[in-house]
Amino acid sequence: MKDGRGGKWANAALQNGYSDHDDCMPHQKYVQWQRDCLSEMLRITPPTGAIFYNHKWRVQAGLLQDRHDIVDGFPVRQIIIWRRKGGINFNAGYFLPTYEVIYLIAKPQFRLVPKANAVGDVWEFTQEMQNSHPAAFPVALVERIINSTEAKTVLDPFMGSGTTAIAAINNNRNYVGIEISQEYCLLAKERIATHCAQIRLPL
Ligand SMILES: C[S@@+](CC[C@H](N)C(=O)[O-])C[C@H]1O[C@@H](n2cnc3c(N)ncnc32)[C@H](O)[C@@H]1O
């Protein structure tokens, strides 16, 4: 978000970073950190499992950041485009950004459940607007991912407001979430408790 000119996307919810950190690590450090995270995720993924890794592409200083520096060497099988319906970050110099990229990084024996492939590789989901977290995913997006797999347990190491937990609960999967911000942990905990009460599921 911060390009040295006051930010391209002045209205973006993430302009001020997350609650516990400002989200502006130096690029090389960030790349190494993300590679370390992916290595650990892959290490604990079973031979039939996969990682769905969401990351925006960006053009910065004339350079396309297609994240190859992060994913090089990992078993990237496919990219999926998440097309957000609508957006709010208008800037006169740019067409409104409406897509994000999800890398499917898969172990060799990973297979989609029957017919999951029919939806194609461009997914349209309206971005989440009813959430105080600045970068929450829509539940339907995470449900699409979970329902495409036979995963019994889903790990989200960047759990935010708990969207992955809600999607896992809705589809009878176990979940593990990790989140650095205490504020978002509490948000997720409350959201999960409210959701379980609504669907009458004991915690
Ligand atoms: C894109 S948001 C995830 C939003 C989530 N999918 C949702 O729907 O609410 C990324 C999250 O990663 C968290 N985060 C950043 N660094 C972290 C770290 N080192 N360990 C765990 N969580 C971290 C941030 O606080 C933020 O909540």
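Guide: Apart from neighbours within four places in sequence, Ser148 is in contact with Leu112, Val113 and Ala116, where contact means heavy atoms within 4.5 Å. This is a predicted model, in which local features need pLDDT of at least 70 and side-chain atom pairs count only at pLDDT 80 or more, while totals for chains, interfaces and linings use all residues. Residues are numbered from 1 along each chain as its sequence is written, and side-chain values use heavy atoms, with hydrogens and water left out.

Ser148 sits in the loop between α3 (139-147) and β7 (153-156). Helices (H or I, at least four residues) and strands (E, at least two) are DSSP runs, numbered from the N terminus. With a relative accessible area of 6%, Ser148 is buried; buried means under 20% relative accessible area, exposed over 50%, and partly exposed in between (1.4 Å probe, protein chains only). A polar atom of the Ser148 side chain lies 2.6 Å from the backbone oxygen of Arg144.

Val113, one of the residues that Ser148 touches, belongs to the loop between β5 (99-106) and β6 (122-126). Val113 also counts as buried, at 16% relative accessibility. Neighbours within four places in sequence aside, Val113 is in contact with Asn147, Ser148, Thr149 and Glu150. The C-alpha atoms of Val113 and Leu63 are separated by 37 Å, and these two residues are 50 residues apart along the chain.

Another buried residue is Gln65, with a relative accessible area of 18%. Gln65 lies in strand β3 (residues 63-65). Its side chain makes a polar contact with the side chain of Arg67 at 2.9 Å. A polar contact is a pair of N or O atoms within 3.5 Å; within protein, one must be able to donate a hydrogen and the other to accept it, and residues adjacent in sequence count only if both atoms are side-chain atoms. Beyond four places in sequence, Gln65 is in contact with His27, Lys56, Trp57, Arg58 and Gln60.

Last, a pair of helices. Helix α4 (residues 163-170) and helix α5 (residues 182-198) pack at an angle of about 25 degrees, their axes 9 Å apart. Axes are lines fitted to C-alpha atoms, for helices over the stretch in contact, and angles run from 0 to 180 degrees between N-to-C directions. The contact involves Thr163, Ala165, Ile166, Ile169 and Asn170 of α4, and Arg191, Ile192, His195 and Cys196 of α5.
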